[in-house]
Amino acid sequence: MDASIDGLLLQARTRLADASESPALDAELLLAHVLGLPRAALRAGGEREVGPGDAGRFATLVDRRAAGEPVAYLTGRRGFWTLDLAVNPAVLVPRPETELLVEAALERLRPLRAPDVLDLGTGSGAVAIALAHELQGARVVAVDTSPAALEVAAANAAEAGVAHVTFVQGHWYQPVAGRRFDCIVANPPYLAAADPHLPGLAHEPRGALVAGPTGLEALEEIVGGAGEHLREGGWLLVGHGAGQGAAVRRSCTAAGLGSVETLTDLAGLERVTLARRPAGTRPGR
């Protein structure tokens, strides 16, 4: 068996061809992780022989990837925004489309000197830490129901050198009762209990994926409570499924929020809906 870098990558690509949408990338990420090398070094040293121990560890990771485990769980890392985050099965793997949520929030928060920001369902801390990293004067509160997720998030914040994020445990707005913010961001569970995509997500925490029978339960609760926790002129930004934009816009309007708009990702899919608490109003009341 060819145990060169090129040979191992070829075998892994073949093994992963039916299990992954990106078998070549997955193979490179896993082998780079095992060897402790950047991916560029794999290409430059393709004829280098890999020892039996490393080759065996690589084969094990490839088998696990072929069984459906996300690459990020196998390597323990995931890139998001400008960050390199630690992840494990206690948290969802941050998705590229969630960066749209960060981008939209930054556009609205940069004019403020010291904004108060609330991140609901923080998971790995990706959104909260990205915002805090870009907005050094911000005060960020990040909420999650899972102590294990908060442990991951706090470690990521420390590694990123971000000290102005406070992590608290609780259900959505419960830990911040009576407080108001300039911006609320959330990327909550939005899959329905019978969603056909769930079998392919079996390794990720179900509670962070499934909202309930319709998939809109968490979104509706967050939108419905936003008015009581936004300052006048404050923004709500929520990530959601590609087919849920219209429903979220209706919820925002019903909650008395204005300036309702849905943003699309690079594929043209509706991913983030934003709305604003108008001045002089008390939405949701």
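## Helix α4 and its buried face

In this predicted model, helix α4 has five residues to look at: A55, F58, L61, V62 and R65 are buried. How are these buried residues arranged around the axis of α4? Viewed along that axis, they fall within an arc of 125°, so they line one face of the helix. The cover over the buried residues of α4 includes α1 (5-16), α2 (23-35) and α5 (71-75).

Helix α4 takes in residues 52-66, which makes 15 residues. At 1.5 Å a residue the helix should span 21 Å, and this agrees with its end C-alpha atoms, which are 21 Å apart. After α4 comes G68, a residue with a positive phi near 110°.

F58 belongs to helix α4. Is F58 buried or exposed? Its relative accessible area is 3%, and buried means under 20%, so F58 counts as buried. Setting aside neighbours within four places in sequence, F58 is in contact with L8, A12, A27, L30, L31 and V34. Q136 lies 78 residues from F58 along the chain, and the C-alpha atoms of the two are separated by 40 Å.

A66 is also found in helix α4. Which residues does A66 touch, if those up to four places away in sequence are not counted? They are R15, L16 and A19. Between the C-alpha atoms of A66 and G7 there are 18 Å, with the two residues 59 apart along the chain.

## Helices α6 and α7

Helix α6 covers residues 99-109 and helix α7 covers residues 126-134. Their axes come within 10 Å and cross at roughly 35°. The crossing of α6 and α7 is right-handed.

Which residues meet where α6 and α7 are in contact? From α6 they are L101, V102, A105 and L106, and from α7 they are V127, A130, L131 and E134. Sorted by type, the residues of this contact are seven nonpolar, no polar and one charged.

## Helix α10: a buried side and an exposed side

Helix α10 consists of residues 245-254, and in it G245, A247, V248, S251 and C252 are buried. Seen down the axis of α10, the buried residues fall within an arc of 165°, so they line one face of the helix. The face turned away from this buried side carries R250, T253 and A254, which are exposed.

What covers the buried residues of α10? The cover includes the helix α9 (217-226) and the strands β9 (230-239), β10 (258-264) and β11 (270-276). α10 is followed by G256, and the phi of G256 is positive, near 85°.

Most residues other than glycine have a negative phi. W172 is not a glycine, yet its phi is positive, near 45°. Where does W172 lie? It is in the loop between β5 (165-169) and β6 (181-186). W172 has 11% relative accessibility, and the limit for buried is under 20%, so W172 counts as buried.

S259 is likewise a residue other than glycine with a positive phi, in this case about 50°. Its place is in strand β10, and β10 is among the elements that cover the buried residues of α10.

Definitions and conventions: Residues numbered from 1 in each chain as written. Predicted model: local features only at pLDDT ≥ 70, side-chain atom pairs only at ≥ 80, totals over all residues. Heavy atoms only, no water. Axes fitted to C-alpha atoms, helices over the stretch in contact; angles between N-to-C directions. Helix = DSSP H or I, 4+ residues; strand = E, 2+ residues; numbered from the N terminus. Left-handed = near helix turned anticlockwise from the far one by under 90°. Contact = heavy atoms within 4.5 Å. Nonpolar A, V, L, I, M, F, W, Y, C, P; charged D, E, K, R; others polar. Buried < 20%, exposed > 50% of the residue type's maximum accessible area, 1.4 Å probe, protein only. Arc of directions from axis to C-beta. Expected span 1.5 Å × (residues − 1).
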